[in-house]
Every structure is written in structure tokens, then in C-alpha cells.
Amino acid sequence: MSTSIAIGPFAQIISMNGLPLKGALRDEQLEVIEHGAMILKNGRVGAVGEATAIRSKAKTEGLFWYELEKPLVAIPGLVDAHTHICFAGSRARDYAARSGGKTYLEIAQAGGGIWDTVQRTRAASEEALTASMLDRLARLLRSGVTTVEVKSGYALTVEGELKMLRAIQAAGQKSLVDVIPTCLPAHIVPRDFAGTAMEYVMYLLTEFFPIVQQEQLAKRADIFIEAEAFDLVEARHYLSTLRQAGFDLTVHADQFSTGGSQVAIDCGARSADHLEASGEMEVQALAQSEVIPVALPGASLGLGCAFTPGRRLLDAGASLAIASDWNPGSAPMGDLLTCASIFGMAEKLSLPEVLAGITFRAAAALGLQQRGRLIEGQIADITAFETTDYREIFYHQGQLRPAAVWKSGQLISEASA
Ligand code: NIG
Ligand code: FE
């Protein structure tokens with residue numbers, strides 16, 4: 001059945017029309033349609049424009065006009081391109097220790113860190129993981145996120161990682177949010193693996209990834225490149241093998257030390273995420289590549305570390321996505337709009353740059369072309385705020401919550417979130 005509807009008038013529609021994938025963006029480049037309206041057709045955007053024109057088009061086509069009674073500013077549904085929201089347990093103890101000045105190593109030695117979450121996630125059933133994820137997905141939808149990437153990486157055995165991917169798939173099927181799964185079995189070498197890091201990589205490549213492909217559980221793969229995780233040689237082998245097998249690649253790169261972003265570039269990854277430690281050389285190399293840098297300000301805030309050099313990346317000509325990195329350890333906050341607002345202010349980004357980072361540039365980091373802009377043909381994912389000026393959305397630094405969210409053209413009520 002074909003369903004079409006016209007909606008308006010919006011105080012403003014921020015379409016993201018015509019903005020490039022890479023480079024700095026100025027305020028004047030942002031298309032702001034004052035007193036706008038949209039036609040939604042079969043879950044897609046049919047037309048966007050000035051309300052009077054859209055209203056008469058709707059009339060001619062015999063479409064139902066949905067009259068908005070509050071002043072709303074519409075932006076594309078938000079895309080959170082990097083999360084770890086499939087997990088069990090809490091790491092509040094780590095947080096307190098970090099806040100009190102303990103180092104990562106001291107925390108790991110005291111039984112905290114990623115390994116703590118691994119043990120709790122291994123002990124959780126697939127159903128329990130799905131249920132807790134559904135709560136988090138509902139929270140994301142209420143905060144305006146309509147597409148989210150979710151990584152495995154807290155089980156680190158073939159069976160455990162498959163359990164995570166199946167839980168992610170089940171949650172995606174039950175939620176209205178589009179869930180993009182990513183395999184991260186190379187998060188750290190599990191403490192109970194009897195072998196070297198390279199042997200663990202080989203075990204994943206031969207025992208785990210063929211099943212992922214067979215069961216079509218994910219098309220994306222990730223690795224954490226860092227001293228306490230995987231080195232450059234192990235990462236190159238893992239990534240180049242998976243690329244040949246047809247996986248899309250993304251990398252946890254340059255978080256505390258450099259090297260990872262160059263591996264991401266050399267292996268043709270779609271994105272390189274973190275980059276807090278990236279220097280001028282890494283910034284220039286990323287700008288000259290097709291890799292999308294992804295800033296994770298939630299991790300900087302959760303660890304008390306430097307931010308990704310967003311300004312320098314954009315000025316060098318790179319793209320820049322911004323994601324929450326929501327996870328129980330380094331980034332427990334999980335609010336994309338708050339993260340993006342704070343990061344924008346810290347890095348001196350224009351609001352078009354911040355908006356691009358959580359919409360079409362974030363979609364591109366996931367290899368998705370059909371979302372992130374409110375233009376004809378795109379998936380009708382819309383987040384709307386009760387205000388007359390889009391700048392208010394960032395001014396309130398995440399405290400202005402969406403008044404309405406449409407997912408694939410469907411208005412989401414509180415109850416169905
Ligand atoms: O993106 N850097 C590695 N992985 C996660 C942290 C995971 C955790 O601490 O549980 C990150 O920050
Ligand atoms: Fe992460």
C-alpha cells in the first residue's frame with residue numbers, strides 16, 4: 001500500500017542539501033527553509049520546500065495535510081555511528097577511580113577495564129542482552145537518534161561474540177531504530193586465550209568470521225589498535241584479510257598513540273574512530289584519504305582526555321563525523337546531542353559542521369547514502385524540536401529534547417519507542 005502525507009508548517013527545515021562530504025562548512029552554506037513543509041511518500045522524503053508551495057502540491061495530489069500546531073524545527077534523524085550498547089554490568093567503580101586520578105593500568109590491575117565487562121557479558125544470556133539493548137535503543141530514539149551502529153566485542157570467544165551479534169540482530173528487529181551491527185572480536189586479547197595476539201587474530205579469521213558471513217550477522221569489522229590491544233602488524237593482517245573477504249572496515253585508531261589511522265587508510269577502512277592522539281601528519285594523511293574521521297567526545301569526557309582535533313581535520317579538508325561511543329567504560333553518557341554540542345564548542349566548529357557530523361557525514365561513515373539529509377528520495381527519518389531557531393538545539397547542549405521523531409515516515413509515539 002502506498003502511503004503519502006504532507007506535514008507542515010515547520011518553523012524551519014534544516015535540509016543539509018548541497019553540503020559536501022569533506023571539509024569545513026560555513027554558516028551561510030546551511031540551507032534553512034523558513035516556514036517549510038514536507039511530503040513523505042512510502043517512508044521516503046517526497047518533496048521539501050516552502051509550506052505554501054508544498055500545501056498546494058499536496059492539494060493537487062489529493063494528499064492528507066498534517067497540520068503542526070507547535071513551532072518545530074526539523075533536522076534529519078540523527079545517526080550515531082559508533083556505540084558499544086550491547087553489554088552487561090556497570091563500570092561505575094572504574095569511573096570513580098578514574099575521577100580520583102587512578103590510571104588505566106591501575107584500574108585494570110584492580111579488576112576493572114574492558115575485561116570486567118567481558119566477564120559480565122559472557123555471563124549474560126542472549127535474551128538479557130537484547131532486553132537491555134532495547135531499553136537503550138528506546139532512549140536513543142527519544143533523543144532523536146534513528147540509526148545506530150552497535151559493536152560486539154565484550155565476549156571475545158567465537159560463541160560469545162556470535163551471541164552478542166544475535167542479540168544485536170534481535171534488538172534491531174524489535175526496535176524502530178535502524179541498527180547497524182559491527183564485529184569487534186579484536187577488542188583486546190582475552191586474558192584466558194592460550195596463545196599470542198597473532199594467534200588470537202588467526203583464530204578469529206578462521207573460526208569466527210566465516211560463521212558471521214554464513215549467518216549474515218554483520219558486514220562490518222572493527223579492531224582496537226593500541227599497546228594494550230593489537231599492534232600494527234596484527235591489525236594489518238586482520239583488516240586486509242577481512243577486506244578481501246568483503247567486510248567493510250572501521251578502526252579504533254590513535255586513541256592514546258598514533259599508527260592506527262595510517263593502517264585504516266592503507267587497508268581502505270570506511271572510518272577511523274577516536275584520533276585523540278593524532279598529530280599533524282595523521283591529520284594530513286586522513287584529509288588526503290577517503291577515510292571518514294569519527295570523533296568520540298563521550299570518551300574524552302568519560303576519561304578526562306583531550307578531544308579529537310576536529311577543527312584541524314576539517315581545515316585540512318577531511319570529513320568529520322561525531323559519535324557517542326556509548327559504552328560502560330570510557331563513554332557511559334551515551335547522549336549524542338550533548339556530546340556533539342560540547343565537542344563543537346571545545347573544537348570551535350560551526351553549527352553546520354556539528355550537524356553534518358551527526359547526520360549525513362555519520363551516515364557516510366557507515367557506508368549509508370540514503371539518509372542524513374532532508375531531500376527528495378532520502379529515507380524519511382526526521383527529528384524535530386520545539387523551537388523556531390535551529391541554533392537553540394545546540395545552545396541547550398542536549399537539554400532540549402526532540403518534540404517529535406519520524407522513522408521512515410512514521411511518527412513515533414512515546415509508547416512505541
Ligand atoms: O571506544 N577504546 C576501546 N574501546 C572502547 C572502550 C570500551 C570500554 O572501556 O569498555 C572505546 O573507548
Ligand atoms: Fe569505541
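These are my notebook entries on a few places I looked up in this structure, which is a predicted model.

**Entry 1**

Next I checked two of the histidines: are H82 and H84 buried or exposed? H82 has a relative accessible area of 0%, and H84 has 2%. The cut-off for buried is under 20%, so H82 counts as buried, and so does H84.

**Entry 2: helix α1**

I moved on to helix α1, which spans residues 51-61. Which of its residues are buried? I listed A51, I54 and A58. They cover an arc of only 65 degrees around the axis, so they sit on the same side of α1. On the other side of α1 I noted T52, K59 and T60, which are exposed.

I also wanted to know what the buried residues of α1 pack against. My list has four strands: β1 (4-14), β2 (32-41), β3 (44-50) and β4 (64-67). Just after the helix comes G62, for which I recorded a positive phi of about 70 degrees.

**Entry 3: a nonpolar patch**

I looked at the surface and noted a nonpolar patch formed by F64, Y66 and L411. Together these residues have about 290 Å² of accessible area. I followed up on L411, which is in strand β16, residues 410-411. Its relative accessibility is 37%. Exposed would need over 50% and buried under 20%, so L411 counts as partly exposed.

**Entry 4: E126**

My last stop was E126, which I located in helix α5, residues 126-142. The relative accessible area of E126 is 26%, so I put this residue down as partly exposed. Which residues does E126 touch, leaving aside those up to four places away in sequence? I found K163, R166 and A167.

I also compared E126 with E392 and asked how far apart they are in sequence and in space. They are separated by 266 residues in sequence. From C-alpha to C-alpha, the distance between E126 and E392 is 40 Å.

Key:
Residues numbered from 1 in each chain as written. Chains lettered and ligands numbered in written order. Predicted model: local features only at pLDDT ≥ 70, side-chain atom pairs only at ≥ 80, totals over all residues. Heavy atoms only, no water. Buried < 20%, exposed > 50% of the residue type's maximum accessible area, 1.4 Å probe, protein only. Patch = residues over 30% accessible without salt bridge, like charges linked within 9 Å, V, L, I, M, F, W, Y side chains within 5 Å. Areas by Shrake-Rupley, 256 points an atom, 1.4 Å probe, with all protein chains shown as cover. Salt bridge = Lys/Arg side-chain N within 4 Å of Asp/Glu carboxyl O. Helix = DSSP H or I, 4+ residues; strand = E, 2+ residues; numbered from the N terminus. Contact = heavy atoms within 4.5 Å. Arc of directions from axis to C-beta.
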